[in-house]
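Let me put the model up on the screen, and then we can walk through it together.

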Amino acid sequence: MTRIVLIRHGETEWNRLGRFQGRTDVPLNQEGLEQAERLAQRLKEVPLTRIYTSPLIRARKTAEIVNDCHGVEIVPQEELTEVDHGHWTGMFKSQVMEMDGERYKTWLTRPDTLVVPGGESLSDVFR
């Protein structure tokens, strides 16, 4: 039986500040590194045979830290890259709420129905 363990990367400074990062290659901050270390400790007894990761540095670094306890192959997969937030990329959530309030509300309540201008829909990501 195959077991899949899904994890999210640790915190970045943009996460902490409430900025849309999308595909911008923002590294883990100190808290994110510590989160990845704690995760690695929790997963050290879980048998892993391979780690698939987004090619973005925040995801790769999280995978590398987890892999310190396992020593398995890490396989970057373009298909695991973050959704493209288009014109929202780099903006603070408060800015988006002010500038594009209706779309932001839709992002929070029905993200599957939204396409951010210049970005991609979740349907695009799923495909």
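Let's begin with His9, which is placed in the segment before helix 1 (13–17). Helices here are DSSP runs of H or I with at least four residues, strands are runs of E with at least two, and both are numbered from the N terminus. Please keep in mind that this is a predicted model, so local features need pLDDT of at least 70 and side-chain atom pairs count only at pLDDT 80 or more, while totals for chains, interfaces and linings use all residues. Residues are numbered from 1 along each chain as its sequence is written, and side-chain values use heavy atoms, with hydrogens and water left out.

Is His9 buried or exposed? His9 is buried because its relative accessible area is 13%, and buried means under 20%, exposed over 50% and partly exposed in between, with a 1.4 Å probe and protein chains only. Apart from neighbours within four places in sequence, His9 contacts Asn15, Gln21, Arg58, Ala59 and Thr62; a contact is heavy atoms within 4.5 Å. With Arg58 there is also a side-chain polar contact of 3.3 Å. That term covers a pair of N or O atoms within 3.5 Å; within protein, one must be able to donate a hydrogen and the other to accept it, and residues adjacent in sequence count only if both atoms are side-chain atoms.

Now, which residues does UniProt list as "active site"? The unreviewed entry gives His9 and Glu82. They are spread over 74 residues of sequence, yet they cluster in space, with a largest C-alpha distance of 10.8 Å. Both His9 and Glu82 belong to the lining of the largest pocket. A friendly caution: UniProt positions are in the numbering used here, feature names are shortened, and annotations may be inferred rather than shown by experiment.

Glu82 is in the loop between strand 2 (73–76) and helix 4 (93–99). Glu82 counts as partly exposed because its relative accessibility is 26%. If we skip neighbours within four places in sequence, Glu82 is in contact with Gly22, Arg23, Leu56, Arg58 and Glu120. Arg58 is therefore on the contact list of His9 and also on that of Glu82.

UniProt places "binding site" at Arg8, His9, Gly10, Glu11, Thr12, Glu13, Trp14, Asn15, Arg58 and Lys93. From this set, Arg8, His9, Trp14, Asn15, Arg58 and Lys93 line the largest pocket.

Let me pick two of these. Trp14 lies in helix 1 and is buried, with a relative accessible area of 17%. Beyond four places in sequence, Trp14 is in contact with Arg19, Phe20, Gln21, Thr24, Val26 and Gly90. Glu13 is also found in helix 1, but Glu13 is partly exposed, at 30% relative accessible area. Glu13 touches Pro27 and Asn29, not counting residues up to four places away.

On to the pocket itself. Rolling a probe the size of a water molecule over the atoms shows where empty space is left. On a 1 Å grid over the protein atoms alone, a cavity is a set of points where a 1.4 Å probe fits but cannot get out, a pocket is an open set with protein on both sides within 12 Å along at least five of seven lines, and lining residues have an atom within 4 Å of a point.

How many residues line the largest pocket? There are 44, of which Leu6, Ile7, Arg8, His9 and Tyr52 lie nearest its centre. The volume of the largest pocket is about 1,300 Å³, a volume being the space filled by probe spheres set on the points, with grid points joined across faces, edges and corners. Helix 1, strand 1 (50–53), helix 3 (57–67), helix 5 and helix 6 (122–126) each supply at least two lining residues, and helix 3 gives the largest share, five residues.

There is also one cavity of 30 Å³ or more. This largest cavity holds about 40 Å³ of space, and its lining includes Val83, Asp84, His85, Trp107 and Glu120.

Finally, the overall picture. The protein chain has six helices and two strands, running α-α-β-α-β-α-α-α from the N terminus. Its C-alpha trace spans about 45 × 30 × 20 Å along the principal axes, and buried residues make up 35% of the 127 residues.
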